[in-house]
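Subject: Structure for you to look at, with notes

Dear colleague,

I am handing over the structure we talked about, and I would be glad if you kept it open beside you while you read. My notes come after it.

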Amino acid sequence: MAECVRLDSSTSSHTMDKSITLPPDEIFRNLENAKRFAIDIGGSLTKLAYYSTVQHKVAKVRSFDHATKEAASDKLYEISVQEEVTARLHFIKFENAYIETCLDFIKDHLVNTDTKVIKATGGGAHKFKELIERKLGLKVDKEDEMTCLIKGCNFVLRNIPHEAFVYAKHADSEFRFQTTQPDIFPYLLVNIGSGVSIVKVESEDKFERIGGSSIGGGTFWGLGALLTKTKRFDELLQLASKGQHTSVDMLVKDIYGGSYGSLGLTGDLIASSFGKSATADKEFSKEDMAKSLLHMISNDIGQLACLYAKLHNLSRVYFGGFFIRGHPVTMHTITYSINFFTKGEVQALFLRHEGYLGAIGAFLKGAEEDNPNQYSWGENYAGSSGLMSVSPDMNPMQRARSGTFDMLEMDRLERQLVNLPLLQDPSSYIPDTMDLTEDALAREYWLYCFEEALDGVVKRAVASQPDMPEAAQRAEKFRQKYRHKLQTLRQQPFAYGSLTVRSLLDTREHCLNEFNFPDPYSKIKQKENDMALKYYQKAVKSLEELSWEQRQFALVRGVLAGNVFDWGAKAVSDVLESDPEFGFEEAKRQLEERPWLVDSYDQWFERLKGPPHKCALFFVDNSGVDIILGVMPFVRELLSRGTEVVLASNSGPALNDVTNGELQILTERIAAMDPVIQAGLREDRLMLVQSGSSSPCLDLSRLDKVLAMVVRERQTDLVIIEGMGRAIHTNYYAMLSCESLKMAVIKNSWLADRLGGKLFSVVFKYEVPAGKPSQHSAALSPL
Amino acid sequence: YNVHSGTEISHTMDKSITLPPDEIFRNLENAKRFAIDIGGSLTKLAYYSTVQHKVAKVRSFDHATKVNRDDKLYEISVQEEVTARLHFIKFENAYIETCLDFIKDHLVNTDTKVIKATGGGAHKFKELIERKLGLKVDKEDEMTCLIKGCNFVLRNIPHEAFVYAKHADSEFRFQTTQPDIFPYLLVNIGSGVSIVKVESEDKFERIGGSSIGGGTFWGLGALLTKTKRFDELLQLASKGQHTSVDMLVKDIYGGSYGSLGLTGDLIASSFGKSATADKEFSKEDMAKSLLHMISNDIGQLACLYAKLHNLSRVYFGGFFIRGHPVTMHTITYSINFFTKGEVQALFLRHEGYLGAIGAFLKGAEEDNPNQYSWGENYAGSSGLMSVSPDMNPMQRARSGTFDMLEMDRLERQLVNLPLLQDPSSYIPDTMDLTEDALAREYWLYCFEEALDGVVKRAVASQPDMPEAAQRAEKFRQKYRHKLQTLRQQPL
C-alpha cells in the first residue's frame, strides 16, 4: 500500500507540477470497482464523478439455534462480522492542469472493463474530448450543460440536509444553513458563469431558462482586466475586497448633498456606477475600480434575480457559478443586493456543493438505469472534504487548498428516508437543539469533549477486535482521521453544514466504519443484554405488586434509570468501565428527585387516567438495562392498556444503542418469559421497525419509509423519544402533531449546567399540540 | 445675428457671445413666472409671457340704424389681442451667465419675485441666479417636475411620442395621442436610472432604478478609451464592433444553444473576451460593447418592471437618450428582444424640456395651466433635430446653441369628438408625409411654389399699411426656412 502523500500539506499545494504524484488512497478511492464515469470540465476546474461499490464489514447478530445447539455457549446471541457491499458516489474536483495526470491514474487503476462511455458536460468538455477518449479508451458522450446543472441541484437539495445556506458576513457564524424542505420545488437558480442564466425549476424534469444577462462573471473579469491590468480572477476579487467604491461611484449624496428623501433614496446609495470617473480628472486606484465593478455587477444580478423571482412568484433563489463559488466577497455583495431589492422578502441562498452540480447531473444522466433517484443518499463525512472558508482574512492558509483536490462522497442508503408523518410543520423542523456553528462557547466545549473521548473510543475499537492483530494499526488511522476532522471543524465549523453534536457523533461513526470498526460495542452490548434479561422477570414482578398509581411513576423512573446506562456519555462510561456492577437500583438512587429539571409528570399522569392511546411510537436508546428493564416494562404497561406499540430502533450500530437486529432477538427472549409481550407480538399489537438511522441522535425528517407507513396505518397518537441523543441534543424543540413524551437523563455536566440543572437531572417533557387537548382535559372542559 | 445659420459662432464657447434677442428670448418684456432646470450640461429656461398680436374680426352691420351705408355684407376690423404663451429655451450651461444678464436687462415686469429651479445643477447655480436676477430661487423636486412636464407634453402635443427605427424608411414613427395618457412607465436615464410608474396627474412612484446608467457609460468609457467627452464616446461606439470584445453564445458553444433558445450571436458575456485574450482592444469596439451592455441592461430592467406592474407604455428620457440615435437604437433593440415586441420603447420629442416645464407648472399653479389646452407654436419652436452623425453631420453643430419650444394657450379647451369610434386609434391625417417620400417631395415643392402667391395675397390684404411688404418678406423667409428644414428632417 503506497504511503499517502497529502496534497494539502504545505509544500506541494503551491506547485502546479503536472507530474505530481497523486495520493491514490486519498483521492481516487475505490477506483477498482468504479463504473459510470462522468466529467464536468469548466473554465478552470474539472469535476470527475464515478459510481463504485465499497466492501465493508458489518456486525450481524443471530440467535443461536436452541434446538440443535443447547448452550453451545453462554452467550445470548451470536455476533458475526460480515462483508457487505454498498454503493457509493465519488466526486473529485481538481484544477484542469491535473487532467492528464488524473486520466493516466484512472486508466492504470481501472479494473472494471464494462465501462464504455464517459458522460461529459461543461464548456471544456469539447476541448478535452480527444484527450479523454485517447487516455481512457472510453467514448465521450456529451450531455446538455443546463440539464446536468439542474439535475445535480435537485439531487443535492434532496439528499444533503444542510446543503443550502445563507451568507452573513458580519454575523457570528458566516454561514447559516437551511433545513431541507420536504418539497424542494419550485425554485430559481441563478447561475453566474461568464454570463448569467436565470432558470426556473418546477419539478425534477421541468425547468425553463426564464432570463439571463450578459453582465456576469466574465464581465467582472473582462472589464476588471482592462481597468486594472490584472488578469487573474482571484486577484481581481482580492483587489475588490480592499477597495473603496465611493471614490469611483457617484452616490446619491454626491448629487443631492444628502438623501433624496421623497424618493426614499439614502445618501449612500450608488446613483451611478463609475459616475465619478466620467468627469474627475484623476487616476483611480485598481482596488477602488475593482470594488466598484464588483458592486455594479452584483447589484445588477441581484436586482434581476429579484425581479424574475417576483414575476414568477418564487421565494427560493439559489446562486451558483464560478462568480460565486466559494468567494465570500461575491456571496456578500449578492446577499446585500438581494436584501436591498426585496427588503428581506427573498433570501439569497448558496449551495455547499455548488461546484459539483454539473458533474452530479451528468453522472445521474448516465446512471438512469440504476434509478439513483429511487434511493436516499447520505453524505459520507469521512470521505468528503467539506466546505472551506476561502475568506482571505479569515484563514489565509485555506486558500492553498483550493489549488488541490476536493472530494464529496455520497453513500447509497439501504432504505429510503422520509419525514415522520407526525411532524407538525416539516418545513420548519430542525432536528438539532443547539447550532454549534453559531454558539462559539458550546462549540469549543463539544470539540474539546470529543477530542478528550477519542482515546477511549480508540481503546474500545481495538478491544472489540481482540483476535485481529492489525486492529491497533487501523484504530490509529481512525484516530488520526477523526482528530483531523475535529481540527478542520475547529477552523471551519461550517464544513459539513451546521456543526452539531449529532454531526460530530455521525462523523465519528463514519470514520469508524471507514477503518472497519463496524460495531465496537457489539460484545459489550451482548454482555449487558444478557445480564439485564436475567433480571427482567424480577423487575416486572416488583412492578406488578405496586398500586396502579405507584406503578405509573415507577415505570417512568425505570425508563429514566435505565437511560443512565449509556456508553455515549463520558461521565457514565467512566463509571461503567471502572465498575461494571453498577446496578439498576444504584442508578435509580442517582436520579434527581422530583420536581425534575423539566417536569410534566403530573400532566402525563392525568392523561393516563383517560382513555388509552391508539398507538405509541417509541424511539428507543441503549441496549442492556435501558431497553430491557426500563423500556420493556413501560411497553408492557402500554400494551396492557390497549395501546399498540411500535418500537423504533437503529438500523445500524451506533455506540451502545440497541440495533433493530439485537432488539428482534431480545424481544423474542422476553416474549418467552412474558405472556403480555408474547400476546402483543402474536396479535401484531407490538411491532419492531428500524428507524433507518445509524446515529446516536435522531433526525425525524430522515426516517425509514416503512416506519412512516406503519405510523400512518396505525394512526399513531403518541410519540415517545428517549435518551440524551434523541430527546435533548436533537428533537428537544421538535413539535409534533400528536401527543409526545421526551424522557432523558442529563449525563453531561456541561450540558446540565447549560440547561440550569446538574448531573443526572431529569427531563420529562410531555406535550400536547396546541388546539388538540388531551382526552382527559377535554373531558374536564365545560363544552 | 442668427446663430442657427453661423457655424463659426456655434463652435465657440465664448460667454460674451451676443445673443440674438429676437430669436431666443422672445416676448421677454411681459415675461413672468420663470423656471429653470439646470442639468449636467444643459440649462432649460421657461417663462410665461403674453403676446400682443393682431386678429381679424368680423361684425354684422346694424341694419336698423345704418341702412346701406356700405354695400358690404359685414364689417372687418383688425384688433389687438393678448394671448398667453409659454417659452422654453435650452442652451449649454456655459451660456448661463450671459443669458442671466440678458434677461435682467430686458425684464420689464417687476412683479416676479421667484424663480422655480430644478435639476442637479440648481444647487450649484443658485447663488449666481439670485445675484444676477434678484429673484429668489425656489427649488422644486426634480422627479415631480419631470413627471409634471411629461404629463403636460403627452397631453398637449399631438405627436410628442415616437418609436425609433434605425433601418426603417422613416427613422421616427410618431404615436397618436392617447385620450388617457395614464398609466405609463418613465425610464429616466441620467447618470443613473430611475424607473417611475405614473398613474395619474399627481400620483407617481419610483418603482425601481439602477446605478448602471449614462454616468456608467461615460465613466467606464472614459477609463477604457481615455475619451472624456460623452458625445465623442457615442461617436466611437457608433463605429465599433462589439463582437471582438463580447463573448457570444457561439464563442462558447460553437453555435446556438438550441435547447435554451439562445442564438449564436447573442451576447453571452459582455467584455467576456477581454478576460482572457491577451490583445489590445480598439476604443471603438470597447465603447460599442459598453453601450450594448448598458442599453441592454436598462432595456431588460424596464421590461421586467413594465411586466411586473402590467404597463405597456414605456417612455425613455434623460441625457443618455436625449437626441442620440445610437442610444435610442440600442434601447429599442433591447426592448424588442426582451419583450418579443410586446412593449415598445417610446421616446419624446421634447424630452429635454420636461423638468423645466414641470418646474414652471409648479410655479404657475394659480394660473391653472392644466385647465387649458395648449398648442405648439411651429413658428417659434425649433423642432426635433436629427443628430444621427451619418444622416446629417451639419446638424450636430446646432446642438451647441439654442433650442426653443413655444406653446400657445388656446382660447378654448379642446377635446375629442364624442362620436369617434375609437379615439385611441383615430388619426386625423390621411397621408403621412414622413413615411411617404414621394408624396413628401411633391407637397413640399407644391407649398414652396405657392409661397409667392401667398406673400402677394398677404401684402394685398393690408393696402393701407406701408410696412406690410417688409413683414410679408420676413414671413416668406421664415416659412421657406421651415420648408427647407422639413426637407432635411421631415420629422
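What follows is an account of what was found, taken topic by topic.

Please keep in mind throughout that this is a predicted model.

I begin with the contact between the two chains. Chain B gives 47 residues to this contact and chain A gives 47 residues as well. The size of an interface is often given as the accessible area lost when the parts come together. Between chain B and chain A the buried area is about 3,900 Å², and carbon and sulfur atoms give 62% of that area. The count of salt bridges between chain B and chain A is 0, although a search of the whole structure finds 65 salt bridges over all chains.

Some of those salt bridges deserve a careful look. Glu409(A) and Arg88(A) meet through their side chains in a salt bridge, at 3.0 Å from N to O. Because Glu409(A) sits in strand S16 (residues 406–412) of chain A while Arg88(A) sits in strand S3 (residues 77–95) of chain A, the pair ties together parts that are 321 residues apart in sequence. Glu409(A) and Arg88(A) are both buried. These two residues also belong to a network of salt bridges that links Arg88(A), Glu409(A), Asp411(A) and Glu514(A).

A further salt bridge joins Glu379(A) to Arg352(A), with the closest N and O atoms 2.7 Å apart. This pair links distant parts of the chain, 27 residues apart, since Glu379(A) is in strand S15 (residues 377–379) of chain A and Arg352(A) is in the loop between strand S14 (347–351) and helix H10 (357–366) of chain A. Glu379(A) is buried, and Arg352(A) is buried too.

Next comes a helix. Helix H14 of chain A, residues 501–514, has 14 residues and reaches 20 Å from its first C-alpha to its last, which is close to the 20 Å expected at 1.5 Å a residue. Of the 14 residues of H14(A), 11 are buried, so this helix is largely enclosed by the rest of the structure. Among the buried residues of H14(A) are Leu504(A), Leu505(A), Cys511(A) and Leu512(A), and also Arg502(A), Asp506(A), Arg508(A) and Glu509(A). The buried residues of H14(A) pack against helix H12 (440–463), helix H13 (471–491) and helix H24 (724–729) of chain A. Just after H14(A), Asn516(A) takes a positive phi of about 60 degrees.

Finally, I would ask you to look at two loop residues. Is Ile324(A), in chain A, buried or exposed? Ile324(A) counts as buried, because its relative accessibility is 3%. Ile324(A) is found in the loop between strand S13 (316–320) and helix H9 (328–342) of chain A, and the residues that Ile324(A) touches include Ile192(A), Met331(A), Ile334(A) and Phe350(A).

Leu73(B) is in the loop between strand S2 (42–60) and strand S3 (74–92) of chain B, and at 68% relative accessibility Leu73(B) counts as exposed. Together with Val58(B), Tyr74(B) and Ile76(B), Leu73(B) makes a nonpolar surface patch of about 460 Å².

With best wishes

Conventions. Residues numbered from 1 in each chain as written. Chains lettered and ligands numbered in written order. Predicted model: local features only at pLDDT ≥ 70, side-chain atom pairs only at ≥ 80, totals over all residues. Heavy atoms only, no water. Patch = residues over 30% accessible without salt bridge, like charges linked within 9 Å, V, L, I, M, F, W, Y side chains within 5 Å. Areas by Shrake-Rupley, 256 points an atom, 1.4 Å probe, with all protein chains shown as cover. Salt bridge = Lys/Arg side-chain N within 4 Å of Asp/Glu carboxyl O. Helix = DSSP H or I, 4+ residues; strand = E, 2+ residues; numbered from the N terminus. Buried < 20%, exposed > 50% of the residue type's maximum accessible area, 1.4 Å probe, protein only. Expected span 1.5 Å × (residues − 1). Contact = heavy atoms within 4.5 Å. Buried area = accessible area lost by both parts, 1.4 Å probe. Lists of a residue's contacts leave out its neighbours within four places in sequence.
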